Amino acid sequence: MKVSIYSNDGESSSKVSRELYNAINKSKVLKLDSFNPEIVISVGGDGTLLSAFHHYGDLISKIRFVGIHTGHLGFYTDWRDSEVSQLINSLEHDNGQSVSYPLLDIQVDYSDNGESDQLFALNESTLKKSNGTMVAKMYIKDQLFENFRGDGLCISTPTGSTAYNKSFGGAIISPKFDAIQIAEMASINNRVFRTLGSPVIIPPTQWVTLVPSASKYNILTCDQLMVLDRPIKSISYRISDKRIYFAKYRHTNFWQRVSNSFIGDKTDD
Ligand code: NAP
């Protein structure tokens, strides 16, 4: 099986990567291949896993990810840095088991030369403005829903609902739902300007379009990536027909993962 190691450059991640390289080189079953891997082992935290996802974006339907966390939150990462040999053993006995999660499909139309881009996000995409209030019309299924004014809007996947979305009071959505969530960032609400004021969750048959009123100075983010310098005409968001796959050698229930990440130690009484 062809395996790639995608690591951040922290000290503990580099140490884990060296252990992985040595173990894979000794293995009769595993082979290092960073160009056309079947399994990508991300070593770091969720930020590293997001980078690995974008790095291997073109191969996303063919690969499965495994995450080792090295002292970070590690929401997406099931393995600890002390578990390299257990992970190698699971890889050597792999039988293709996987779990998949929905992705966000982002269609951006630029206003400078009629070009467009299709992007994908694992966590979320946001639209903000670098100088002042972000103003945009928000459409759901091509029907005008509201005129937004505020810091910005955050459109997230279910697994991204625990990330940036959570900081804006968005709901946590189980990834068993193919849904996208739109959360407001500091909207302006008074007699003159009005937004819904609560997060909106839409099903896979529907889509959301944002049309910013000023095409310049808008900042579009896609996970940790940014589109800064191109005037945006409109952005449409929907659930992608592609998904991300993780090798499922051990199962951590989603709600247990949420509880471990955000609540921590608990007592029953
Ligand atoms: P970062 O600012 O260095 O780290 C953001 C934090 O979010 C890290 O603790 C990261 O975990 C955690 N995280 C990432 N994805 C998560 C998920 N799906 N569920 C729960 N926590 C998650 O940024 P980064 O490492 O480059 O990651 C980019 C992501 O950061 C963005 O996609 C966005 O969701 C998030 N972000 C959040 C805020 C906020 O909450 N105010 C602001 C900016 C960006 P690790 O420690 O394991 O890496």
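Guide: Welcome! Let us begin with a term: a salt bridge is a side-chain nitrogen of Lys or Arg within 4 Å of a carboxyl oxygen of Asp or Glu. This is a predicted model, in which local features need pLDDT of at least 70 and side-chain atom pairs count only at pLDDT 80 or more, while totals for chains, interfaces and linings use all residues. Residues are numbered from 1 along each chain as its sequence is written, and side-chain values use heavy atoms, with hydrogens and water left out.

Visitor: What makes Arg 64 and Asp 94 a salt bridge?

Guide: Their closest N and O atoms are 2.9 Å apart, and the limit is 4 Å, so the pair qualifies. Arg 64 lies in strand E4 (residues 64-69) and Asp 94 in the loop between helix H3 (84-92) and strand E6 (98-110), so the pair ties together parts that are 30 residues apart in sequence. Helices (H or I, at least four residues) and strands (E, at least two) are DSSP runs, numbered from the N terminus. The structure holds eight salt bridges.

Visitor: Which domains does the chain have?

Guide: The assignment gives domain 1 (2-97 + 248-262) and domain 2 (103-241); such bounds come from an automatic or database domain assignment. Their C-alpha centres lie 30 Å apart.

Visitor: How many residues of domain 1 and domain 2 are in contact?

Guide: Contact means heavy atoms within 4.5 Å, and by that rule 12 residues of domain 1 touch 18 residues of domain 2. Across this interface the rule finds zero salt bridges.

Visitor: What is the area buried between domain 1 and domain 2?

Guide: Buried area is the accessible area (1.4 Å probe) that two parts lose on being put together, summed over both. Here the value is about 1,200 Å², with carbon and sulfur atoms giving 73%. His 54, Tyr 76 and Phe 254 supply 41% of the area that domain 1 buries against domain 2, more than any other three residues.
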